[in-house]
Every structure is written in structure tokens, then in C-alpha cells.
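This briefing covers the strand arrangement of one model and the packing of its helices. Please keep the sequence and the structure in view while reading.

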Amino acid sequence: MKRNVFFWTMLCGVIVIGLFGIVQDKNQREGQPESVITEESGALEGLCILVDAGHGGYDGGARAINGGLWEKEYNLRMALQIQSALEAQGAQVIMTRMEDKAFADRKRPDLDARLQMAKDGDADLLLSVHMNQYHDAVESGPQVFYRKNNADSRLLAGCLQAALIGGLQPTRVRSAMAGDYYMLSLPIPSVLIECGFISNPQEAKWLMDADYQKRLAEAVCTGVCEYIRLQQKNRDAQ
Ligand SMILES: [Zn+2]
């Protein structure tokens, strides 16, 4: 009897170790980190967030390495994933676009139309989704830019940058930085998220992968939740 119990315990152990090995192997094979954080649901209830999929229509943005897809395609897919992640936490999301389009045939009026959507919808936060590009293909990693001289935008960017680093464990760890972007000109906390470099072949591949997009979107959601938590804490302290 005792030998039987011993046998079954050993067998179960071997199976568990085996399964763990398969999971480990899969993650290593794909070279992607595991998803870590899941927020409790409803954390963003009552919050209205504008999610802007950068570029669109005539304006393709940057082009992925080796004549790949235009940035506008990456941005839209990522923005849609970010929308789902934020809505799952109870946020109301305004999307600037859900398809491949521009709002004018020139850059400035196109951006004005997007900013107007944030004003019309009385958005509390603005997240503009982009992909980065650099002449050296080795550059990689997400980076968040915030509205200059705006403490709330800076805090939001810091929370997002930390969550992206925690959730994606990028090889190249970047810091949030102030950015002089027209899209960040509203008086609400506004950030521009450069999700990664489409000039880097490995990262460009990941950024088109639905699992990686979900992981990045979850990290964005975690960052927004952390920002809301810190703002609440600051208010409570006053
Ligand atoms: Zn862009």
C-alpha cells in the first residue's frame, strides 16, 4: 500500500515537472515573457479615456523593417487591444479610429479632429498609440512620452513606463520622457506610447502577434490603474 502511494506521488511529480517544462520551453521558444499582472475588475469605472490609433489613411506613419507594414496598421491593432483591456476594467473608451482612415488630408487638421473628440467626449485621459523607428535596427523597447510641464501627464507616463517594463520585460529598458507632440496639447493628462520599434525585426514580429499585443495592452491598463490609485492616494492625503 505504502509503495503504491509512493509510486503515484512520484508519477504525479514527474507529470507536473514535465508540464512545467513544456510551458517553460514554449515561453523560451517564443522568447516572450509571461503575462504577470491582472487588475481587479472595475478599477477604471467612471473614467473616460481617449485611445488614439496614430496615423491612418494617407498617413501611414513609419514603415516596418524590410518594406513591412505601415505603422498605422500596428497602431490600430494595438489600440483595439488597449480598448478591450481598459473596457474590461470598466473604463469608457473613445476610439479616434476603428479603421484605416484619416480625418483630413493634412497632418494638423487631422490631429485637431482627434483632439476635438477628446474634448467632445470630455475625456479624462488621452493615450496616443504609436510605433517607433530608428535607422539602427538594434534599438528596441517601449517608451512613453508625456506632455511637457504637466505633472499629471508625467505621473501617468511613469506609471505606464513601469507597467510596460514589468509586463514585457524588454531587453532595452527605457525611461518616460517629456515630448513636444501636438497630440499632447490638451490640458488633460496626455501621453504618447511608442509601443516598440518596428525597425527591429524581432520586435516588429512581436508587435504584430496577438498575444504580445494583449500583454502590452494589459500592461497599459495596469499602468492606468496604478496612476488612478496614486491620484486617489494623493487626494486622500490632502
Ligand atoms: Zn507614429
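Two strands are said to pair if DSSP finds at least two bridges between them, and the helices (H or I, at least four residues) and strands (E, at least two) are DSSP runs numbered from the N terminus. This is a predicted model, in which local features need pLDDT of at least 70 and side-chain atom pairs count only at pLDDT 80 or more, while totals for chains, interfaces and linings use all residues. Residues are numbered from 1 along each chain as its sequence is written.

**Sheet**
- Six strands form an open sheet in the order β2-β1-β3-β6-β4-β5, and their pairing is mixed.
- At the edges lie β2 (92–95) and β5 (177–179), each of which pairs on one side only.
- From one strand to the next the twist averages 30 degrees, where axes are lines fitted to C-alpha atoms (for helices over the stretch in contact) and angles run from 0 to 180 degrees between N-to-C directions.
- Strand β4 (residues 143–147) pairs with strand β6 (residues 190–197) in the antiparallel sense over four bridges, and Gln143 has Glu194 of β6 as its bridge partner.

**Helices**
- Helix α2 (residues 71–88) lies across β1 (48–53), β2, β3 (125–132) and β6, and runs at about 140 degrees to β3.
- Helix α6 (residues 210–237) packs with α2 at an angle of about 50 degrees, their axes being 8 Å apart.
- The contact (C-beta atoms, placed from the backbone, within 7 Å) involves residues including Met78, Ile82 and Ala85 of α2 and Leu216, Val220 and Val224 of α6.

Conventions:
Contact = placed C-beta atoms within 7 Å.
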